[in-house]
Amino acid sequence: MQAKKRYLTLFSAGACLILLFCFGGIQVPLSRKGPSRRDDRSLTGYHPGARCHNEHISPRQKRDAISGVYTGKRCRMESCFDFSLCQRNGFKVYVYPQQKGEKMSESYQNILSSIEGSMLYTPDPGQACLFVLSLDTLDRDQLSPQYVHNLKAKVQSLHLWNGGKNHIIFNLYSGTWPDYTEDLGFDIGLAMLAKASISTENFRPNFDVSIPLFSKDHPRTGGERGYLKHNTIPPYRKYMLVFKGKRYLTGIGSDTRNALYHVHNSEDVVLLTTCKHGKDWQKHKDARCDKDNAEYDKYDYREMLYNSTFCLVPRGRRLGSFRFLEALQAACVPVMLSNGWELPFSEIIDWNTAAVIGDERLLLQIPSTVRSIHQDKILSLRHQTQFLWEAYFNSVEKIVLTTLEIIQDRVLQHTSRSNLMWNSLPGGLFTLPQYSTYLGDFPFYYAKLGVKPYTKFTAIVHVVSPLVSQSQPVMKLLVVVAKSQYCAQVIVVWNCDKPLPAKHRWPVTSVPVIVIEGESKVISSRFLPYDTIPTDAVLSLDEDTVLSTTEVDFAFTVWQSFPDRIVGYPARSHFWDSNKERWGYTSKWTNEYSMVLTGAAIYHKYYHYLYTTYLPASLKTMVDQMSNCEDILMNFLVSSVSKLPPIKVTQKKQYKETMMGQSSRASRWADPDHFAQRQTCMNKFASWFGTMPLVHSQMRLDPVLFKDQVSILRKKYRDIERL
């Protein structure tokens, strides 16, 4: 009996110890090297079958275990970032010089080129606030040919590394078969991660940045526009929900995609998977593979993508998927089925307005869920996919710049962009907080705020000819413009090589005339953001422009309804020359136009700021050296921001003939090189923008009762009819 009691006591004590161990009562210290790959996989919850460990480990234990992946697991901006480096020169980014003999993928080269071509770049590390490695860290899968060996030693040897502080590391792939952990294979220290497929468990809020997984073919600049061409009502397409991709027979990612056949109906829900991938897929094939493969081959992926209302985006081996960006571009509302994935740019983007966030455990409910979404909501979701695609995702450059601007907003919190700026047109990359943090200072938000632009304009007259006579066109122009009831002041930008004329030489007007000597006497100085411009609207004029006061008033009245566009008189157009395979420029009078020249046009003064700070020095230098094309460049800029054409007001057919009688403009038009230069400019600009931003239009706005046979006294702009 005593022996039985001893055995029972020992058995009870052993059982208690086992229970304590399983439920976290006893903690086993982890080795200093961190968890093994097998332990790391189970602790981070990546392996679908890893149930025993995850169910009974506390969140604190999980965090402690994961911290073995890198030492800065608990980093936040306030604890691991040196803000003092940004106080001296603002937010500037330095890229390490490329080391001799180091291989670099095309994708990483595109990332570095995007940074070096941005206004945030500095070649001086002493002025930098943020540092980017020249060592390729994108692919940290040891089985990949792009894998860079000995990265730990190479990074540690960098004299500016400083434990990773104020560094950002870009990564698309991490870990390898069969675990696919988020360990990059070296200790990133205190550096920030801009990472694809990052889990919410490993994501460090307000420190890391989740980026999308993009292919090596993703364009560096520009990028294609989205495929939503019309406001189709109702917004339903041929298919309700589609997916086409690999089915993983073993390992991570297998559970989700293996279950898709349960909701596939071959009609409006078409979820196709194939077992045909990898060298030894036949070793693992199951009874469904042959049927799945045959069904898979029947459908064209692109046709499905462009003809479906919703696109399923299930996890693959990693949390992220190429399907995500493909769905956004196709205006196919993404249905996210990847539990634990920190969605790209989640810090700034409200994904509930552009995607459906599903749960892998509730796969069978997905079809009924998407069917229940009202068509108004579907149309709204699809429109938002197009905005987000074009604003932040359609090129490597936009992905990189968005990443950097997110960090800049954290660093310079007093000038950070609002949620509305990031989630509505034209997007955060075009609403620069250095200009203003008040929404009402930008032309894009007047309607949302219920406000109207200031009811006056500032005229800026560009002068390149010496002042020799009181009868010169510029003198008449100043008088005509100053008579406008909407004119607040006139600024003369003196770009003539002759000295400034005496003040008494200028005409006496009812509004102030301020004469400013052009900076370096270059043509781009007409678009500088002068502090002396107190109004929202700028009326840009060439010295030999001929307009009446009535025309000026009418153009300004029209602009008040379209404050984010260029509104004016002389129109031009672009076209694609298929024979020469290049863009062409035409000044022919047609019913279609895509540019309104800034020789007589009104636009918001914010575009002066964008022209000066956003556009690269190379384009402005080209314009200044030729003294040509500045008006084309401004049209490119405004259309790339607004995604809309300019607005042409009342056709003034005398414009061209009148200009031919004036010396300065006539000499330019008679110059055979002038037109050839403008053709060249079109293609240089399109190359930098990465796409052709100009949009054609056939709309012209005329005054009410213009040329109608009614009493002239009933017409507000009656002088226009006499032109």
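A polar contact is a pair of N or O atoms within 3.5 Å; within protein, one must be able to donate a hydrogen and the other to accept it, and residues adjacent in sequence count only if both atoms are side-chain atoms. The model is predicted, so local features need pLDDT of at least 70 and side-chain atom pairs count only at pLDDT 80 or more, while totals for chains, interfaces and linings use all residues. Residues are numbered from 1 along each chain as its sequence is written, and side-chain values use heavy atoms, with hydrogens and water left out.

View 1. Look for Arg526 in the loop between β15 (513-517) and β16 (537-542); strands (E, at least two residues) and helices (H or I, at least four) are DSSP runs, numbered from the N terminus. Its relative accessibility is 3%, so Arg526 counts as buried (under 20% relative accessible area; exposed is over 50%, partly exposed in between; 1.4 Å probe, protein chains only). The Arg526 side chain makes a polar contact with the side chain of Asp542 at 2.9 Å, and also reaches the backbone oxygen of Thr598 at 3.3 Å.

**View 2. The two sides of helix α11.** In α11 (residues 289-297), the buried residues are Cys289, Asp292, Asn293, Glu295 and Tyr296. They cover an arc of only 165° around the axis, so they lie on the same side of α11; the arc is that of the directions from the helix axis to the C-beta atoms. Over on the other side of α11, you will find Lys291 and Asp297 exposed. The buried residues pack against β8 (239-246), β9 (269-274) and α10 (281-284).

Note on methods
Contact means heavy atoms within 4.5 Å.
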